[in-house]
Amino acid sequence: MSFDIENIFDYFAKGCLIFIIFIIFNSILGDITFRIKYSFPKAKEISKIKINTDNEPIQTDLENQKFIKAYGEKNKYALQLMAEYSISGLVVAKNTNFWFRDFMRTTFDDICLADIGIVWGDLAKDKKKLHKYWKFKSYKSLGQSRRLEWRSKTKYDNNPWGLDEVTKHISHTHLIPANQNVMGALLTIKKNDIVKLDGYLVDIYTDKGDLVARTSMSRYDTDPTSRGSGACEDMYVKKVQIGNKIYK
């Protein structure tokens, strides 16, 4: 009897190991395929106008909130255009590492292919000084939420920017690319890049009309009870400017 139990346990352990190896291999393969698909974006224009990081994001709410079709990696979606939106600033965090892409992919992950943390105003003027006093991290939690966190590296009395100022000059934006070239450009964005994103804030629905997520419509909401379920913007990106290069 003991021998049989040991054999069963041995087979079970081997099966678990094979399953884990398969999941890891599938995740790595999926990430490689994902990045190859969006490699080599082409700049469509060279801008002579320097990106202005001083101002708040520009938002124009739409009265005619029409729907457009969009495609995730696997499924179809309907995006409701809530506002025209443009954001410029310094990139402090970025996340495209949605581990176990197929095994743990949510509907939201399928359509929002990247996250970016951007600051503007005084925070964007001196990146070395900013990172000396503040740490930023964009990540996907075990609970499947996609979050941006920031914390002071010093006591607030010694910090030139208080928590309230940082909170009001930072955005965590979930990005839906309008096309492959835009997504390729988004993947090339690095921490400390100066960027400008143009497009729309959108509410996301499946092609059957089921709600996936609502976007935040304000830079001042800060908690999970807000419209964006955590104050994050969901943005359909039509144009990306990195430095003086424009992708669309």
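# A walk through the model

Start by selecting Phe 34 and Tyr 38: both residues are buried. Keep in mind as you look around that this is a predicted model. The rings of Phe 34 and Tyr 38 make an edge-to-face aromatic pair, with 5.3 Å from centre to centre and 70° between the planes.

**Zoom out**

Now show everything as a cartoon. The protein has five helices and twelve strands. Along the principal axes, its C-alpha atoms fill a box of roughly 75 × 50 × 40 Å. Of the 248 residues, 45% are buried.

Next, colour helix α1, which covers residues 2-37. Select Phe 19, Ile 20, Ile 24, Ile 28, Ile 32 and Ile 36, and show their surface: together they make a nonpolar patch of about 580 Å². Pick out Ile 32, which lies in this helix. Is Ile 32 buried or partly exposed? Its relative accessibility is 45%, so Ile 32 counts as partly exposed.

Nonpolar side chains tend to be buried together in soluble globular proteins. To see the largest nonpolar core here, which has 26 residues, select Leu 175, Met 183, Leu 186, Ile 189, Leu 197, Met 235 and Val 240; these touch the most other members. Then colour β4 (76-95), β5 (114-119), α5 (180-188), β9 (194-206) and β11 (233-242), the elements that each give two or more residues to this core. Which of them gives the largest share? That is α5, with five residues.

A search of the whole structure finds four aromatic pairs. For another one, select Trp 134 and Tyr 156: this pair is tilted, with 6.1 Å between the centres and 45° between the planes. Trp 134 sits in strand β6 (residues 134-140), while Tyr 156 is in the loop between β7 (146-152) and α4 (163-167), so the pair links parts of the chain 22 residues apart. Trp 134 counts as buried because its relative accessibility is 0%. Tyr 156, at 46%, is partly exposed.

Now select Lys 137 and Tyr 139. The charged end of Lys 137 sits over the ring of Tyr 139, at 5.2 Å from its centre.

**Charged partners**

Side chains of opposite charge can pair when their charged atoms come close. The count for this structure is eight salt bridges.

- Select Glu 45 and Lys 248: their closest N and O atoms are 2.5 Å apart. Glu 45 is in strand β1 (residues 45-46) and Lys 248 in the segment after β12 (245-247), a separation of 203 residues. Glu 45 is partly exposed at 35% relative accessibility, and Lys 248 is partly exposed at 37%.
- Select Asp 109 and Lys 140: here the closest N and O atoms are also 2.5 Å apart. Asp 109 is buried, with a relative accessible area of 4%, and Lys 140 is buried at 6%.
- Arg 219 lies in the loop between β10 (211-213) and β11, and Glu 233 in strand β11, so the pair ties together parts 14 residues apart in sequence. Both Arg 219 and Glu 233 are buried.

Key:
Residues are numbered from 1 along each chain as its sequence is written. This is a predicted model: local features need pLDDT of at least 70, side-chain atom pairs count only at pLDDT 80 or more; totals for chains, interfaces and linings use all residues. Side-chain values use heavy atoms; hydrogens and water are left out. Rings of Phe, Tyr and Trp (its six-membered ring) pair if their centres lie within 6.5 Å; planes under 30 degrees apart count as stacked, over 60 as edge-to-face and the rest as tilted. Buried means under 20% relative accessible area, exposed over 50%, partly exposed in between (1.4 Å probe, protein chains only). Helices (H or I, at least four residues) and strands (E, at least two) are DSSP runs, numbered from the N terminus. A charge sits over a ring if NZ of Lys or CZ of Arg is within 6 Å of the ring centre and within 35 degrees of the ring normal. Patches are made of residues with over 30% relative accessible area and no salt bridge: like charges are joined within 9 Å, nonpolar side chains (Val, Leu, Ile, Met, Phe, Trp, Tyr) within 5 Å. Accessible areas come from the Shrake-Rupley method with a 1.4 Å probe; for residues, only the protein chains shown count as cover. A salt bridge is a side-chain nitrogen of Lys or Arg within 4 Å of a carboxyl oxygen of Asp or Glu. A nonpolar core is a set of buried Ala, Val, Leu, Ile, Met, Phe, Trp, Tyr and Cys residues joined through side-chain atoms within 4.5 Å.
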